[in-house]
Number of protein chains: 2
Amino acid sequence: MERSTRQRQAIRDVLSEQNRPLSPQEVLDAAQGKVPGLGIATVYRTLKGLVDEGAAVAVELPGNPPRYEVAGKKHHHHFHCTVCGKVFELEGCPGDFLFMVPEGFQPQGHEIVLYGRCKDCRA
Amino acid sequence: MERSTRQRQAIRDVLSEQNRPLSPQEVLDAAQGKVPGLGIATVYRTLKGLVDEGAAVAVELPGNPPRYEVAGKKHHHHFHCTVCGKVFELEGCPGDFLFMVPEGFQPQGHEIVLYGRCKDCRA
DNA sequence: ACAAAAGTGATAATGAGTTATCATTATAAA
DNA sequence: TTTATAATGATAACTCATTATCACTTTTGT
């Protein structure tokens, strides 16, 4: 990640613009609108580089390979559309899970995923 | 899944006894204590059969292949130990996530995973 | 006890996702 | 501009979990 290229800029832009976790394939599809001919290998390479330099983070959801979003966002969770498969960012958090933690266990973090139909896929 | 074999009984017993989601490898390790020589293929075949007949369910957690637990439990979530990797069942649920759902989205379900150290791995 | 057929275990094959390779292209310092 | 070299794109290779194959074993109805 030393040189500035059209490909890397396109990939960074796509992550910023969509503002939701994107799969490598989603990044490819969107970034090809900016840089025709962009290859999937460059997407994987660049995403890894962005994560290494702290500009992006991997988002793991149940049953899916990692998606990637811009780093540095405040604490948030995700909505996974069961129809189109897109993942959206959610604000807010119930916050208190201590009542669920068994005696002797030491909680350090949590993840919440809501499932359902997104705005575009609602019944 | 038509005949009753030592292998199948051992696998069912392991799922019941441990009362937490187990990976196929964890099932194998535990069930080999009951049936030495048990093979991983039989574990995969039997888990699939148990799911098909509704006796077990797959539990998907972020970044991991499916684990399996006994079916029919009431609504619950899981604690994933960051040290030993074991997954434990939790009781309770905050329940109200509607305040997190954006306008126009239709929520249908949710998952919560707590991370931290389990009783055996606490600092 | 016997026979038909389902089940098992070892392991080869598969599939999805990701990474490595390498000839070519593009960047950027001089 | 020139030049050194990092980056790219096509695709081969790889990883890991899971499934298929098949010779042999076990179960179960008769």
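How do the residues of the surface near DNA strand D divide into nonpolar, polar and charged? They divide into eight nonpolar, six polar and seven charged. Near means that a heavy atom of the residue lies within 4 Å of the molecule or strand. Ala, Val, Leu, Ile, Met, Phe, Trp, Tyr, Cys and Pro count as nonpolar, Asp, Glu, Lys and Arg as charged, and the others, Gly among them, as polar.

This is a predicted model, in which local features need pLDDT of at least 70, side-chain atom pairs count only at pLDDT 80 or more, and totals for chains, interfaces and linings use all residues. Residues are numbered from 1 along each chain as its sequence is written, chains are lettered from A and ligands numbered from 1 in the order in which they are written, and side-chain values use heavy atoms, leaving out hydrogens and water.

**DNA strand D**

- Around DNA strand D there are 21 residues, and Glu2(A), Thr5(A), Arg8(A), Arg45(A) and Tyr44(B) come nearest.
- Of the atoms of DNA strand D that come within 4 Å of the protein, 70% belong to sugar and phosphate.
- Polar contacts are pairs of N or O atoms within 3.5 Å; within protein, one must be able to donate a hydrogen and the other to accept it, and residues adjacent in sequence count only if both atoms are side-chain atoms.
- Gln7(A) places a polar side-chain atom 3.0 Å from a sugar or linking oxygen of DNA strand D.
- Helix 3 of chain B gives the most, with four residues.
- Helices are DSSP runs (H or I, at least four residues), as are strands (E, at least two), numbered from the N terminus.

**DNA strand C**

- DNA strand C also has 21 residues around it; Tyr44(A), Thr5(B), Arg8(B), Thr42(B) and Arg45(B) come nearest.
- A polar side-chain atom of Tyr44(A) is 2.5 Å from a phosphate oxygen of DNA strand C.
- Glu2(B) uses a polar backbone atom, 2.8 Å from a phosphate oxygen of DNA strand C.
- Arg45(B) reaches a base: a side-chain N or O atom is 2.7 Å from a base nitrogen of DNA strand C.
- Helix 3 (40–52) of chain A gives the most to the surface near DNA strand C, with four residues.
- The surface near DNA strand C has eight nonpolar, six polar and seven charged residues.

**The two protein copies**

- Chain B superposes on chain A by a rotation of 180° with 0.0 Å of shift along its axis (RMSD 0.0 Å).
- The two copies are thus related as by a two-fold rotation axis.
- The superposition is by least squares on the C-alpha atoms of residues with pLDDT of at least 70 in both copies.
- The copies meet through the same surface, because 100% of the interface residues of chain B are also interface residues in chain A.

**Cysteines**

- Zero disulfides (pairs of cysteine sulfur atoms within 2.5 Å) are found over all chains.
- Cys84(A) is in no disulfide; its nearest cysteine sulfur, in Cys81(A), is 3.6 Å away.
- Cys84(A) is partly exposed, at 36% relative accessible area.
- Cys118(B) has its closest cysteine sulfur, in Cys121(B), at 3.7 Å, too far for a bond.
- Cys118(B) counts as buried, at 1% relative accessibility.
- Buried means under 20% relative accessible area, exposed over 50%, and partly exposed in between (1.4 Å probe, protein chains only).

Methods
Contact means heavy atoms within 4.5 Å.
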